[in-house]
Structure formats: C-alpha cells, structure tokens
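Me: Got a model here I'd like to talk through. Can you take my questions as they come?

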Amino acid sequence: MNMIASKKNRTNPENRRKFWKIFGQLLALCAILVLVVFSIQKITVKETAYFWQIDPELCIACGLCETSCVLPVSAVKAVHAKEVCGFCDLCGGYYRANVKELNTAAENLMCPTGAIQRRFIEEPYFEYTINEDLCNGCGKCVKGCNAFGNGAMYLQIKQELCKNCNECQIAKICPAGAIKRVPVSKAYEKKSEP
Ligand code: SF4
Ligand code: SF4
Ligand code: SF4
C-alpha cells in the first residue's frame, strides 16, 4: 500500500513541478555562491598584487633602464603623453640637439632604433608616436624632451613584458631611486600636466 502511495507521489505532476522548482532555486543559489567566491578571490588578488613602476617625476633618464633589466630587451619603454606635448616641429625628443636640418636623416634623430614616428598635422604642428616594439628604454628621447620640450616623453615599465622580479635589477641600481613597488591600481604613472 505504502509503495503504491510513494509511486503515486513521485508521478504526481504537482509534486514533479515542486521538485523542479526547488531544484532550479538550488541551482541559482549555487551559481550566486560561486560568483560571490570568485569576486572575493578577485578582490583579494587585486589588493595584494604589486608591480614595479617608475616615478616619472624622479627618473633622470640615466640610460640604466635599457641595460639593467634582466630581459634581453628591457621591459621599460618610452611613453608619450599627448596631453602634455606641445606638438613642436623642433621636438627635443625627436631631433638631436644642434641639428643643422630638420629632416629624418638618421644622424639628425635622437632615437637610435627608429621607434619614434612623426606625423604632420598642420603648420607648425607634428604628432609623435612611440612604437613600443622598437623601443629599448634607452631614455634618450626622455632626456631631450625634458631638456628642450614639455617633458611629454617619459619611461614606464610595461607590465605585460615585465617579469615582476622579486627584486627589480634596475630598481637596485637606479641612481634616482625612481623605481618602486606599486599596487595594481597604480601600475602606470600617467603624466597629465607639464
Ligand atoms: S635607472 Fe632610474 S633614473 Fe635611470 S632611466 Fe631607469 S628609472 Fe630613470
Ligand atoms: S630614444 Fe630610446 S627610449 Fe626613446 S623611443 Fe627611442 S629607444 Fe625608446
Ligand atoms: S622587474 Fe625584472 S623584468 Fe621587470 S623591469 Fe625590473 S628587472 Fe626588468
């Protein structure tokens, strides 16, 4: 008798609906729990992730960023802040000092790897762009732009290239103490004012 009643219970459409409703609610609850756990983990990782970065206000573009990184080609690259740039024809980061002619002959250009591209906008303005794939972080353009321009070019450690060494080899010898550990929220220092 009992067996017949329990079989009836299971096959009853009303009971089946209830079962699937509860099953669906449990599934939704599990999905929410998984999402919450993931978010907590993400926040924890974010808060504890630290990277090496250059403070452009302290960097003196000494050249050691090119030669002291553990990577074959430095993880340090020049960055160009367009907000700060004067779009000058005679750009201190693009041309060497005391050039006789403003043309693109290699002996006139500051960048040894041809990483800086220049595009005419309108008289007398030019736009400058850095090709990071060619840049070796030598800092020559940074020095030139700081000396004769607005300081729109500066060096940054590219986090997608950097090995995030326990002890950054450049930070160890940086004469300006310009490289420090920063949280992920400040992984890059942006120049926005001259
Ligand atoms: S070693 Fe220091 S001062 Fe020299 S270029 Fe790198 S960050 Fe700038
Ligand atoms: S001068 Fe040096 S730092 Fe500047 S873009 Fe060329 S390679 Fe990079
Ligand atoms: S942390 Fe390592 S890979 Fe990154 S810039 Fe410093 S030396 Fe280069």
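Me: Ala-61, buried or exposed?
Reply: Ala-61 counts as buried, because it has 24 C-beta neighbours inside 10 Å. Buried means 20 or more other C-beta atoms within 10 Å of a residue's own, exposed means 12 or fewer, and partly exposed is in between, with C-beta atoms placed from the backbone. This is a predicted model, where local features need pLDDT of at least 70, side-chain atom pairs count only at pLDDT 80 or more, and totals for chains, interfaces and linings use all residues. Residues are numbered from 1 along each chain as its sequence is written, while chains are lettered from A and ligands numbered from 1 in the order in which they are written.

Me: Where is Ala-61 found?
Reply: In the loop between β1 and α3. Helices (H or I, at least four residues) and strands (E, at least two) are DSSP runs, numbered from the N terminus.

Me: Which other non-glycine has a positive phi?
Reply: Phe-87, at about 55°. Phe-87 lies in the loop between β2 and β3. It is partly exposed, because 16 other C-beta atoms lie within 10 Å.

Me: Which peptide bond is cis?
Reply: The one from Glu-123 to Pro-124, with omega near 0°. Pro-124 sits in the loop between β3 (116-122) and β4.

Me: New topic. How many helices and strands in the protein chain?
Reply: Five helices and six strands. From the N terminus on, the order is α-α-β-α-β-β-β-α-β-α-β. Of the 194 residues, 27% are buried.

Me: Why is β5 largely enclosed?
Reply: Five of the five residues of β5 (residues 153-157) are buried, so the rest of the structure largely encloses the strand. Met-153, Leu-155 and Ile-157 are buried on one side, and Tyr-154 and Gln-156 on the other. In a regular strand, side chains alternate between the two faces of the sheet.

Me: Which strand pairs with β5 over five bridges?
Reply: β2 (residues 76-80), in the antiparallel sense. Strands pair if DSSP finds at least two bridges between them. Val-76 stands opposite Ile-157.

Me: And the largest nonpolar core, which residues touch the most other members?
Reply: Ala-78, Cys-141, Val-142, Met-153, Leu-155, Ile-170 and Ile-179, out of 34 residues. β1 (50-54), α3 (64-68), β2, α4 and β5 each give two or more residues to this core. The largest share, four residues, comes from β5. A nonpolar core is a set of buried Ala, Val, Leu, Ile, Met, Phe, Trp, Tyr and Cys residues joined through C-beta atoms within 7 Å.

Me: What is Val-142 in contact with, leaving aside neighbours within four places in sequence?
Reply: Ala-61, Ala-78, Gly-93, Met-153, Tyr-154 and Leu-155. Contact means C-beta atoms, placed from the backbone, within 7 Å.

Me: Now ligand 1. Which residues come nearest?
Reply: Cys-59, Cys-62, Leu-64, Cys-65 and Cys-174, of the 15 residues around ligand 1. A residue is near if its C-beta atom, placed from the backbone, lies within 6 Å.

Me: What's the shell around ligand 1 by class?
Reply: 14 nonpolar, one polar and no charged residues. Ala, Val, Leu, Ile, Met, Phe, Trp, Tyr, Cys and Pro count as nonpolar, Asp, Glu, Lys and Arg as charged, and the others, Gly among them, as polar.

Me: Which residues are closest to ligand 2?
Reply: Ala-78, Cys-111, Cys-135, Cys-138 and Cys-141, with 14 residues surrounding ligand 2. That shell has nine nonpolar, four polar and one charged residues.

Definitions and conventions:
Two residues are in contact if their C-beta atoms, placed from the backbone, lie within 7 Å.
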